Amino acid sequence: TNGSSSSVAFMRSFTHSQTVEGDPVLPGGTLEVDMARNDTYLSFGALPLIPHVLVPLNSSECLCASMSQLAQSPVAPVSCDISDQLDYCDGVVCSLEVFGQGYKMELEVFSCTDPPSVHLTFRDLQDAVVYQHTFSDSEEVPVNLGVTVTLRFSLTHNNYSMTIRVDLATPVMDAVNVFPEQTIILDLENCENSLTTAPPITPVPTEGPIATQAPPTSVPPTTPPPPNTPTPTCSALEGMAEGAPDSFSCSANTEATGGACDTVTCDTELLGANFQAIAKVLPCHTPPAVMMV
């Protein structure tokens, strides 16, 4: 924003390094966006408006938000809740009826397997397992739920997420859409092979497809931190605001002030004009991104 008029003069989301040229509202008409990322970190700078910052991505919260959306997606006769029986907010438990017989269906996401996968379990009302299978790709399988039904499981792998859809069908009834198509953000930061210190980051190419990294090996996730622990993302943004060069005056919307602690605001004077730039980290975007205003 241009400080003299306090109007929004520029707004854009960035997923990779990019040079914005010829925009008259930018100081000098140019903005150099430098961005790189891996499974657990996002590196970002937008000179001459935002100093460089290295931000840990909180993908645990993104997975939990995905599970909440997944639980709300089915329609009658299927109802779901976030599972309190599965660890790490990585699953949902649903109830459904097939020809008058009640069943419980558990869906659990495994972000750290190679490739990431989904484990599906059907139980009867006595909690006995009647079917279970781990899906790492799209499959169509028969399942005996009193009668034989066809389970159509669709799974598409993306760089930081997976997209799933689940349908049940028999020759004598229309298909029941258990889960409409949903995108699930993977929790890659809590895999045991995730680095706890900032790794070297290969810059994202400015042209062509986004570079992918080798997926994590098949290991269980580590225990996430307690829910009230300040996030590393917040600490990184606060640290950048405090350590910004003298030509910048920056602040973060901290958790202490009730903010989500995902945004940093910097004021600077360039070419005789005052500018205010706002950068909001979007960790649950696929791929993770930064929105600049």
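This is a predicted model: local features need pLDDT of at least 70, side-chain atom pairs count only at pLDDT 80 or more; totals for chains, interfaces and linings use all residues.

Student: How many helices and strands does the secondary structure come to?

Tutor: The protein has two helices and 18 strands.

Student: What percentage of the 293 residues count as buried?

Tutor: Of the 293 residues, 47% count as buried. The protein exposes about 14,300 Å², and carbon and sulfur atoms supply 51% of that area.

Student: How do I read a helix, for instance α1?

Tutor: Compare its reach with the expected span. Helix α1 covers residues 59–72, which is 14 residues. From its first C-alpha to its last it reaches 20 Å, close to the 20 Å expected at 1.5 Å a residue.

Student: Which residues in α1 are buried?

Tutor: The buried residues in α1 are S59, S60, C62, L63, S66, M67, L70 and A71.

Student: What is the general idea behind a nonpolar core?

Tutor: In soluble globular proteins, nonpolar side chains tend to be buried together. In this structure, the largest nonpolar core has 35 residues. L107, V109, F122, L151, I164 and F179 have the most contacts inside that core. Apart from it lies another core of 29 residues, with V55, M240, C250 and A279 among them.

Student: Which residues is L151 in contact with, leaving aside its neighbours within four places in sequence?

Tutor: The contacts of L151 include the nonpolar-core residue F122. The list also has L120, Y131, F135, E139, E140, V141, V143, V166, D167 and L168. Several of these names return below.

Student: How many aromatic pairs does a search of the whole structure find?

Tutor: The search finds two aromatic pairs. To read a pair, take the distance between ring centres and the angle between planes. For F122 and Y131 the centres are 6.3 Å apart and the planes are at 55°, so the pair is tilted. F122 is buried, with a relative accessible area of 0%. Y131 also counts as buried, at 15% relative accessibility.

Student: Why do F135 and F153 count as stacked?

Tutor: Their planes are at 10°, so the pair is stacked, and the ring centres are 4.3 Å apart. The cut-off used here is that planes under 30 degrees apart count as stacked. F135 lies in strand β10 (residues 129–135) and F153 in strand β12 (residues 147–157), so the pair ties together parts that are 18 residues apart in sequence. Both F135 and F153 are buried.

Student: What is the general idea behind a salt bridge?

Tutor: Side chains of opposite charge can pair when their charged atoms come close. A search of the whole structure finds five salt bridges here. One of them is formed by E140 and R152, whose closest N and O atoms are 3.7 Å apart. That pair links distant parts of the chain, with E140 in strand β11 (residues 139–145) and R152 in strand β12, twelve residues apart.

Student: What N to O distance goes with the salt bridge of D167 and R165?

Tutor: The side chains of D167 and R165 meet at 2.7 Å, N to O. D167 is buried, at a relative accessible area of 8%, and R165 is partly exposed, at 34%.

Student: Where in the chain are D262 and K280?

Tutor: D262 forms a salt bridge with K280, with closest N and O atoms 2.6 Å apart. D262 is in the loop between β15 (249–252) and β16 (263–270), while K280 is in strand β17 (residues 273–282). The two are 18 residues apart, and the pair links distant parts of the chain. D262 is buried, with a relative accessible area of 14%, and K280 counts as partly exposed at 27% relative accessibility.

Student: How many residues apart in sequence are V290 and K280?

Tutor: They are ten residues apart in sequence and 5.5 Å apart in space, C-alpha to C-alpha. V290 is found in strand β18 (residues 289–292) and counts as buried at 1% relative accessibility. Leaving aside neighbours within four places in sequence, V290 is in contact with R12, S13, F14, M35, L42, F44, A279 and K280.

Definitions and conventions
Residues are numbered from 1 along each chain as its sequence is written. Side-chain values use heavy atoms; hydrogens and water are left out. Rings of Phe, Tyr and Trp (its six-membered ring) pair if their centres lie within 6.5 Å; planes under 30 degrees apart count as stacked, over 60 as edge-to-face and the rest as tilted. Buried means under 20% relative accessible area, exposed over 50%, partly exposed in between (1.4 Å probe, protein chains only). Helices (H or I, at least four residues) and strands (E, at least two) are DSSP runs, numbered from the N terminus. A nonpolar core is a set of buried Ala, Val, Leu, Ile, Met, Phe, Trp, Tyr and Cys residues joined through side-chain atoms within 4.5 Å. Contact means heavy atoms within 4.5 Å. Accessible areas come from the Shrake-Rupley method with a 1.4 Å probe; for residues, only the protein chains shown count as cover. A salt bridge is a side-chain nitrogen of Lys or Arg within 4 Å of a carboxyl oxygen of Asp or Glu. The expected span of a helix is 1.5 Å times one less than its number of residues.
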